[in-house]
Amino acid sequence: MLDKLINLSFSYFRKLPREKALRKGQKIGNLLYFLNYRKDVVEKNLSIAFPDRDKTWRDYIRKKSLQNIGRILAEFPRQLDYVKSGTIKDIVEIEKGTELLENIKKTGGIIVTGHISNWEMCGVGISYYIKGLTSLAYRQRNEKVNRIITEIREKSGIKIIYHDQPLKYFLNALKNKEVISFLVDQNALRHRGYFVDFFGLKASTVNFPAKLVAKYDVPILFAYIYFNEENTKYYINVESIDYQKGSTEEETAYNVTQAYTKKVEEAVKKHPDQYLWVHKRWKTRENEELEKIYW
């Protein structure tokens, strides 16, 4: 039933002119705002990240962030059409870092990003530019829904490796000089992350890409995308990540994790209205004695 509903909604958004689809997406965000979707989580996150901002500003950011979610929902089923028609190049532009992308295209390596603006379009835009991208993805619980989402991603030029697949899949990709993308700003289970600083508070952060960098000495870049409401275009910025090598692989991996988390923070500060604040980013605490942040 759910898969049929998703197919129906995806078909609806694909048939709309893009500007109308974007307006519909914004209305979805407005509805989420009216329904106070995850309001407590968003307000808690914003109070941690921007303690000096007043309630009016935080409420505005909450609304814009939810509109961004609506925009993603409207754009995702359309991205395959953008790629097939070639209009992707008119919708997504590499604003900074073309030379970095050219270099990693030749060598293979890792690109990390965060849930800033439309991260799906970020992957599609980079894939279109470098002629292919491999991405880590988590399976949806509903197999039919997972198939629908994966098909759109793969037909848009993104090869998917699932998080539960063996390490060899990632190593083979790097050996074949593929570029692998990872989203690195979601709360990680204790055994899958390092506690690094994020907006002044320790956050359990996925360390798998950092461990690959530390062990195999592969190149790593940071990329993020943002949306310009005036011309309805997306702009991708690609940056190098500076980190200090430690005396052990573990120390190096920790330093890499902190370095890319800092990059995410810097990007969020530039575009707080387009960040995924509904996520419980600081859910996992360093120890059980610390007070829970979310209830």
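The model is predicted, so local features need pLDDT of at least 70 and side-chain atom pairs count only at pLDDT 80 or more, while totals for chains, interfaces and linings use all residues. Residues are numbered from 1 along each chain as its sequence is written, and side-chain values use heavy atoms, with hydrogens and water left out.

**Helices α7 and α8**

- The axes of helix α7 (residues 98–107) and helix α8 (residues 119–130) come within 10 Å and cross at roughly 65°; axes are lines fitted to C-alpha atoms, for helices over the stretch in contact, with angles running from 0 to 180 degrees between N-to-C directions, and helices are DSSP runs (H or I, at least four residues) numbered from the N terminus.
- The two helices α7 and α8 are therefore roughly perpendicular to each other, a term that covers angles of 65 to 115 degrees.
- On the α7 side the contact (heavy atoms within 4.5 Å) is made by Thr98, Leu101, Glu102 and Lys105, and on the α8 side by Ile126, Tyr129 and Ile130.
- These contact residues of α7 and α8 divide into four nonpolar, one polar and two charged, where Ala, Val, Leu, Ile, Met, Phe, Trp, Tyr, Cys and Pro count as nonpolar, Asp, Glu, Lys and Arg as charged, and the others, Gly among them, as polar.

**The largest cavity**

- About 30 Å³ of space lies in the largest cavity, a cavity being a set of points on a 1 Å grid over the protein atoms alone where a 1.4 Å probe fits but cannot get out, and a volume being the space filled by probe spheres set on the points, which are joined across faces, edges and corners.
- The largest cavity is lined by His115, Asp185, Gln186, Tyr275, Leu276, His279 and Arg281, lining residues having an atom within 4 Å of a point.
- The lining of the largest cavity divides into two nonpolar, three polar and two charged residues.

Methods:
Parallel < 35°, antiparallel > 145°, perpendicular 65-115°, else oblique. 1 Å grid on protein atoms, 1.4 Å probe; cavity = no way out; pocket = protein on both sides within 12 Å on 5 of 7 lines; lining within 4 Å.
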